Amino acid sequence: MSTVAEALNETRIREALNLPEAGVQALDTVDSTNLRLKEAARAGRVSPPFLLAAERQTAGRGRLGRRFVSPAGGLYMSLLLPWQPGRDPGALTLLSAVAVCQAIEEETGLQPRIKWVNDIFVESRKVCGILAEAGEGWAVAGIGVNLLSPPGGFPPEAGAAGALDVPADKNRLAGRIAARIFSGTARPDPEGVLAAYRERMFLTGKTVRYTEKGAEKTALVLGVSDDGGLLVREDGGEKVLRSGEVTVGSQSVSRME
Ligand code: BTN
């Protein structure tokens, strides 16, 4: 194994996924795997469970309409799952974050940490972003893992982006992540997911800043509430932040959508 990322290979992804009924498609270049998979689901061309992966994206999408820089050397994948109409995709974000961490741990021995709510960090670098979106009776979990730093590094617009930069089998990683997410939605274990999420939480014990109704606030992070909000202590009282962006130090970190 080398740190040179191998090409995506549908057969090898299938081997690691081990879910014969799942559709798997690997492409070279797409605008966004989330966009392509949502379009195909709406048109009835694909049905869950389905995994779409690409070597690179020309218009990778992040939270809040931001761009997700997606050069060659990353793993960009979207999963189509059954999802109750109207159900908040927040639970899928938590499940996906845990699945990505566990798969990276198994594959590389690294110890990724979660920055509430959907960023995965190794040390001070964001190595993965997650974008969960719900449709009519289905949801898409979009996952971008930076395996290798691009020559010359990530562009400034990628912010705190970094890469695993250790030997990792891209196809096996894709299959392992998908296997965990598909099984986690077919056989839900919300308490188990929450416990695994809390164990890997990056912000617990840190002081964060956020803006509420135009006022800048400071709060100490106590952890994650049972419904996935950020539990903080502020002005001697406890509260749960469910939306808005929080920052630690000078860095913008997360937003609950
Ligand atoms: C974020 O960090 O704001 C979320 C980034 C999510 C990126 C992944 S890459 C695969 C999928 N396709 C997209 O266009 N976005 C998600």
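Predicted model: local features only at pLDDT ≥ 70, side-chain atom pairs only at ≥ 80, totals over all residues.
Next I looked up how much of H3 is buried. I found 14 of its 19 residues buried, so the rest of the structure largely encloses this helix. Just past H3 I stopped at Gly109, which takes a positive phi of about 80 degrees.

Then I moved on to helix H4, residues 170-186. H4 has 17 residues and reaches 24 Å from its first C-alpha to its last, close to the 24 Å expected at 1.5 Å a residue. At its N-terminal end I found a cap: Asp169 puts a side-chain oxygen 3.2 Å from the backbone nitrogen of Asn171.

I listed the buried residues of H4, among them Lys170, Asn171, Leu173, Ile177, Ile181 and Phe182. What covers them? I noted helix H1 (10-17), strands E2, E3 (74-82) and E7 (138-146), and also H3 among the covering elements.

Last stop: Glu55, which sits in strand E2, residues 50-57. Is Glu55 buried or exposed? I read 13% relative accessibility, and buried means under 20%, so Glu55 counts as buried. Leaving aside neighbours within four places in sequence, I found Glu55 in contact with residues including Glu6, Leu8, Asp28, Pro71, Tyr76 and Lys170.

Definitions and conventions. Residues numbered from 1 in each chain as written. Heavy atoms only, no water. Helix = DSSP H or I, 4+ residues; strand = E, 2+ residues; numbered from the N terminus. Buried < 20%, exposed > 50% of the residue type's maximum accessible area, 1.4 Å probe, protein only. Contact = heavy atoms within 4.5 Å. Expected span 1.5 Å × (residues − 1). Polar contact = N/O pair within 3.5 Å; in protein donor to acceptor, adjacent residues only side chain to side chain.
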